[in-house]
Amino acid sequence: MERIDLNCLKAEIGALTPARRIGYVSGVYGGVVEIEGLSDIGRLGDQVSLKTADGAISGEVLRMTASHLSILPDHDPVGLSIGDQAILDGQVALAPHDGWIGRVIDPFGKPLDGRPLMRGPAARTLRAAPPEPTRRRPLGDRLETGLAAFNTMLPIVAGQRIGLFAGSGVGKSTLLSQLARGLQADVVVIALIGERGREVGEFIHKVLGPEGMKRSVVIAATSDRSPLVRRRCAWAAMSVAEHFRDQGNNVLLLADSITRFAEAHREIALACGENASLRGYPASTSQAIMSLCERAGPGEEGQGDITAVLSVLVAGSDMDEPIADITRGVLDGHIVLDREIAERGRFPAIDLLRSVSRSLPHAATPEENQIIEEFRKLLGTYQRSEMMIKAGLYAAGSDPELDRAIRLWPQLDAFLAEHEDTDTRASFYRLAQIMGRMALFPQSDDEVDA
Ligand SMILES: Nc1ncnc2c1ncn2[C@@H]1O[C@H](COP(=O)(O)OP(=O)(O)OP(=O)(O)O)[C@@H](O)[C@H]1O
Ligand SMILES: [Mg+2]
């Protein structure tokens, strides 16, 4: 049995409303339900229950006038009639609890794994402001990732925010789960936004496994949930991450995907009457993405950091489509996964020359930076001539630089796929071996013995 915390119980009781006013449905226009009789007490973002002849539909207050509230329901309001009762449930705040680690939760703080879940002693706002820019610490130290490519070429430091850009089925979710298991962090918060229902179960049981779940909180809103719930999922995950950050933990926040968050925001904004502008997205989309991303990052003195890795679905590898463009601009790095690389079976399918970690060069030593630069150069040299090499048009010996790139390419390419549990030092040593630059990384006698 879980131990009951009295403060939490008090908060639970405090959240109950003793009396309820009842309003009624006065109209339905294009999926938005209008309610009369509650506009003097309703607030934007309040939850509302609509009682129909066949049951109840919940929704959220999106617009209001002096005479009525406009509600976007969570489900198709089929069966609703004029005069049906509406009850105001108020704001559903999220009160994260340390006991949420290891659990799967919906964006309202309800358990999705069938076991009872305690709410924390204090409610947090879903749309908190980021820490004061002037009080924020700078980016922290390099984190171990468990993946050779990230340990060396694309370092991730504490408080960094990184985007994972790829078309569908190129390996975004798999890479996120590898980071969930391997990236150095005290607590991992995972937001599964708009995923297929089957994938959520698979992610938790098969991919993350009991070891991964031990330090993770999963917040899930599957693709069948309303856009309100899907959008809320990202905010809820961020609030949970902030809860752990405020206690001094280094939190890793993984979101799959920001594109689904933006799509949910678009559906809501259009239902509210906003105009579509950026290729179908309303103008408020960039503000929604930026204000979410800005909440991740280094904390203030005494707090931990939120390191974030957010996946972005780019249709047809078009990095200029609106969501990719907005996200790339606010993050401190982007990783591009390439379909051709995935098709030839090299995972993670990172296109290194199109990926950037903005924690470089500070995150690495001068020797490491030298290796990183040389690796990129070799890969660039090879890629520029790849067509010629494959067509058999290149005569070996005519360009010593290219000869070296051709000779090293298979090993460099395989290095990016290596993902045994190596630490940064071992990863760099292995890379230096491939490139014949061992002199840059003299090993101690202990390491040589090992
Ligand atoms: N590390 C890996 N090793 C082997 N196969 C992989 C790896 N990563 C991805 N794959 C293959 O690619 C497929 C798609 O991966 P994943 O579901 O992670 O992609 P995704 O980009 O999240 O897709 P979606 O856009 O549909 O969410 C997997 O089913 C698997 O076959
Ligand atoms: Mg996926």
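Me: What conventions apply to the numbering and to the predicted model?
Reply: Residues are numbered from 1 along each chain as its sequence is written, and chains are lettered from A and ligands numbered from 1 in the order in which they are written. In this predicted model local features need pLDDT of at least 70, side-chain atom pairs count only at pLDDT 80 or more, and totals for chains, interfaces and linings use all residues, while side-chain values use heavy atoms, with hydrogens and water left out.

Me: How many helices and strands are there in the chain?
Reply: The chain holds 13 helices and 17 strands, where helices (H or I, at least four residues) and strands (E, at least two) are DSSP runs numbered from the N terminus.

Me: What makes Trp235 and Phe261 an aromatic pair, and of which kind?
Reply: Rings of Phe, Tyr and Trp (its six-membered ring) pair if their centres lie within 6.5 Å, with planes under 30 degrees apart counted as stacked, over 60 as edge-to-face and the rest as tilted. By this rule there are three aromatic pairs. The rings of Trp235 and Phe261 lie 6.4 Å apart, centre to centre, with 75° between the planes, and the pair is edge-to-face. Trp235 belongs to helix α5 (residues 227–246) and Phe261 to helix α6 (residues 258–271), so that the pair links distant parts of the chain, 26 residues apart.

Me: Why is the pair of Phe375 and Phe415 called tilted?
Reply: The ring centres of Phe375 and Phe415 are 6.4 Å apart and their planes stand at 55°, so the pair is tilted. Because Phe375 lies in helix α10 (residues 366–390) and Phe415 in helix α11 (residues 400–417), the pair ties together parts that are 40 residues apart in sequence.

Me: Why is Phe375 called buried?
Reply: Buried means under 20% relative accessible area, exposed over 50%, and partly exposed in between (1.4 Å probe, protein chains only). Phe375 has a relative accessible area of 0% and is therefore buried, and Phe415, at 0% relative accessibility, counts as buried too.

Me: Why does Gln47 count as buried, and what does Gln47 touch?
Reply: Gln47, found in strand β3 (residues 47–52), has a relative accessible area of 7% and is therefore buried. Not counting residues up to four places away in sequence, Gln47 touches several residues, including Ile87, Phe108 and Arg232, contact meaning heavy atoms within 4.5 Å.

Me: Why is strand β9 described as largely enclosed by the rest of the structure?
Reply: Seven of the seven residues of β9 (residues 187–193) are buried, so the strand is largely enclosed by the rest of the structure. Both faces are covered, with Val187, Val189, Ala191 and Ile193 buried on one side and Val188, Ile190 and Leu192 buried on the other.

Me: How do you know that β9 pairs with β10, and in which sense?
Reply: Two strands pair if DSSP finds at least two bridges between them, and β9 and strand β10 (residues 216–221) pair in the parallel sense over six bridges.

Me: What makes the charged end of Arg266 count as sitting over the ring of Tyr281?
Reply: A charge sits over a ring if NZ of Lys or CZ of Arg is within 6 Å of the ring centre and within 35 degrees of the ring normal, and the charged end of Arg266 sits over the ring of Tyr281, 4.3 Å from its centre.
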